[in-house]
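Visitor: I'd like to learn how to read a protein model. Could you walk me through one?

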Amino acid sequence: MPLEIATIPCLTDNYAYLLRDVETGQVALVDAPDDAPIRAALDDLGWNLDQILITHHHSDHIDGVESLRETFKCLVSGAKADRHRLPKMDVELAEGDTVKVGNTQGRVFEVYGHTIGHIAFYFPTAKALFSADSLMTMGCGRIVEGTAPQMWESLCKLAVLPGDTIVHTGHEYTAANTRFALTIDPDNAALLARAEAVTAMRAAGLPTVPSLLSDELDTNPFLRAVAPEVKAHIGMPKATDAEAFAEIRKRKDKF
């Protein structure tokens, strides 16, 4: 693989990710919830930090940026649309732009919904997606600033990536997301099996992220809004996919 990826637990339930290009040794960080665990990981791995890629403006994704920038003199990149509430950026990004970690190139997606200005990073040769609080393991981010149609459009962008894409999300919410999923899609054999696996992983203190996109397509209730059986179960057999998604998101908010 062109990238070595290290998953860094931060705060209570956040994740940051370190990406090292194997050919050049260049290292990027996706989100900086807290600088201390990231510094510890860099020290343990013997890596430097060359750049920080920010997904969105919430404090639990950016609070460590300035401290890390001061120490490592690294570049900071984030959404142009969010420049007014992100740390000072060296590179401003928008839909379709590219980023590079050493010789490994990634693509920027605008994935509005959780926030306006949220972006995701996809590195095709590494089969790696960093979706933060848009597409999440067994879920999607709460719609804080955007609309349900915007979030659905964002999820649709990511759902068409190759099924072997590895999805790296922003939080360890999988157990709660799975309990909700079972209320929406209770007869889904793949979901029932995954629920057992998630329970076992959490009981063992193991992270449930990252995950395979193919597994998300089979079990994530928000991506399953396209399925006739899901629409029937929520009492909306004739709904559009977007309408079914909006109803599922509404139910999750109250769950």
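Guide: We'll go through helix packing, a few threonines and some backbone angles. This is a predicted model, where local features need pLDDT of at least 70 and side-chain atom pairs count only at pLDDT 80 or more, while totals for chains, interfaces and linings use all residues. Residues are numbered from 1 along each chain as its sequence is written, and side-chain values use heavy atoms, with hydrogens and water left out.

Visitor: How do H4 and H9 pack, and at what angle?

Guide: Helices (H or I, at least four residues) and strands (E, at least two) are DSSP runs, numbered from the N terminus. Axes are lines fitted to C-alpha atoms, for helices over the stretch in contact, and angles run from 0 to 180 degrees between N-to-C directions. Here, H4 (residues 148-159) and H9 (residues 241-254) pack at about 110°, with axes 9 Å apart. That makes H4 roughly perpendicular to H9 (under 35 degrees is roughly parallel, over 145 roughly antiparallel, 65 to 115 roughly perpendicular, the rest oblique).

Visitor: Which residues make the contact between H4 and H9?

Guide: Contact means heavy atoms within 4.5 Å. H4 brings Ala148, Met151, Trp152 and Leu155, and H9 brings Asp241, Ala242, Phe245 and Ala246. In the contact of H4 with H9, 7 residues are nonpolar, none is polar and 1 is charged. For those classes, Ala, Val, Leu, Ile, Met, Phe, Trp, Tyr, Cys and Pro count as nonpolar, Asp, Glu, Lys and Arg as charged, and the others, Gly among them, as polar.

Visitor: What about H1 and H3: at what angle do they cross?

Guide: The axes of H1 (residues 35-45) and H3 (residues 65-72) come within 9 Å and cross at roughly 35°. Asp35, Ile38, Arg39 and Leu42 of H1 meet Ser67, Leu68, Thr71 and Phe72 of H3. This contact of H1 with H3 divides into 4 nonpolar, 2 polar and 2 charged residues.

Visitor: Let's zoom in. Is threonine 208 buried or exposed?

Guide: Buried means under 20% relative accessible area, exposed over 50%, and partly exposed in between (1.4 Å probe, protein chains only). Threonine 208 has 6%, so it is buried. Its place is in the loop between H6 (189-203) and S14 (211-212).

Visitor: Which side chains make polar contacts with the side chain of threonine 208?

Guide: A polar contact is a pair of N or O atoms within 3.5 Å; within protein, one must be able to donate a hydrogen and the other to accept it, and residues adjacent in sequence count only if both atoms are side-chain atoms. The side chain of threonine 208 has one with glutamate 172 at 2.5 Å and another with threonine 174 at 2.4 Å.

Visitor: And where is threonine 178?

Guide: Threonine 178 is in H5 (residues 174-184) and is buried at 4% relative accessible area. A polar atom of the threonine 178 side chain lies 2.7 Å from the backbone oxygen of threonine 174. Threonine 178 and alanine 195 are 17 residues apart in sequence, yet 6.2 Å apart in space, C-alpha to C-alpha.

Visitor: What should I look for in the backbone?

Guide: Most residues other than glycine have a negative phi, and most peptide bonds are trans. In this model, a cis peptide bond joins valine 209 and proline 210, with omega about 0°. Aspartate 31 has a positive phi, near 70°, and lysine 73 has one near 55°.

Visitor: Are aspartate 31 and lysine 73 buried or exposed?

Guide: Aspartate 31 counts as buried at 2%, whereas lysine 73 is exposed at 65%.
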